[in-house]
Amino acid sequence: MSKQKILSVLTVAIICHEANRALCESLGDHSQKPWLEAEEGQRVSAFKGVNFTLDNPDLPASANHDSWLKEKEETGWKYGPVKSFELKEHPCMVPYEELAGGDQAKDHLFRGIVLGLSGLIARDPVEAAAEGSSDASTSEVSEAETSTSTDEVSEVASDAPTAELSSPETDSAVEAAVAEGMPDPALADAASASRC
């Protein structure tokens, strides 16, 4: 039986975010909130990070960090000893080689999840055609995400990975969830990777 594409980019972004949050907690960093409570920038970053990894499967984990770092710099972030959304400061605003081992592990974990699930990820043709577009703003992701109810996003995150692959009901339910839960396809330009 061939694999059906049952996961959206959004679902995989949620999975990566939650895995990253668990890794951060194991390293003593309890600053990352669950997906539904996370800052908009973290959700956008995870979504873009999934697309970046899918578009660049042969690049090393350091490329994810480099992409994330570039996007953060372009949006006014700078190095700071403590992560602060208000001050736009982050302790990982350094070259990949200068990151502590645990911080480098975040990029490896993120890539491993995305690449491990890549055969199950449905990328909308409109989304794929929009890749490379750099004129979309992060507010479009926020609007798309906030137009999807909390229950719908939670359902996508918890049900899709365990859904039956051959059920017609599952196929239509996943298609509906993807259609309603995906951030704006114009933001699929993978400019950044996910971080704590």
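Reader: Where is the place of histidine 17?
Author: This is a predicted model, in which local features need pLDDT of at least 70 and side-chain atom pairs count only at pLDDT 80 or more, while totals for chains, interfaces and linings use all residues. Residues are numbered from 1 along each chain as its sequence is written, and side-chain values use heavy atoms, leaving out hydrogens and water. Helices (H or I, at least four residues) and strands (E, at least two) are DSSP runs numbered from the N terminus. Histidine 17 has its place in helix α1 (residues 9-26).

Reader: Is histidine 17 buried or exposed?
Author: Let's start with the cut-offs: buried means under 20% relative accessible area, exposed over 50%, and partly exposed in between (1.4 Å probe, protein chains only). Histidine 17 has a relative accessible area of 1%, so this residue counts as buried.

Reader: Which side chain does a polar contact of 3.0 Å join to that of histidine 17?
Author: Contact means heavy atoms within 4.5 Å, and leaving aside neighbours within four places in sequence, histidine 17 is in contact with Gln32, Lys33, Pro34, Trp35, Ala38 and Gln42. A polar contact is a pair of N or O atoms within 3.5 Å; within protein, one must be able to donate a hydrogen and the other to accept it, and residues adjacent in sequence count only if both atoms are side-chain atoms. The polar contact of 3.0 Å joins the side chain of histidine 17 to that of glutamine 32.

Reader: How many salt bridges does the structure hold?
Author: Here a salt bridge is a side-chain nitrogen of Lys or Arg within 4 Å of a carboxyl oxygen of Asp or Glu. In the structure, the number of salt bridges is 6.

Reader: How many residues apart are arginine 123 and aspartate 55?
Author: These two form a salt bridge, with their closest N and O atoms 3.0 Å apart. The pair links distant parts of the chain: arginine 123 is in the loop between β4 (121-122) and α5 (125-130), aspartate 55 is in helix α2 (residues 40-55), and their separation is 68 residues.

Reader: Which strands do lysine 78 and glutamate 89 lie in?
Author: Lysine 78 and glutamate 89 form a salt bridge, the closest N and O atoms being 3.6 Å apart. The pair ties together parts that are 11 residues apart in sequence, because lysine 78 lies in strand β2 (residues 78-79) and glutamate 89 in strand β3 (residues 89-90).

Reader: What is the phi of lysine 88?
Author: Most residues other than glycine have a negative phi. Lysine 88 is in the loop between β2 and β3, and counts as partly exposed at 34% relative accessibility. Although lysine 88 is not a glycine, its phi is positive, at about 55°.

Reader: How many helices and strands does the protein come to?
Author: From the N terminus on, the elements run β-α-α-α-β-β-α-β-α-α-α-α. Of the 196 residues in the protein, 46% are buried. The secondary structure comes to 8 helices and 4 strands.
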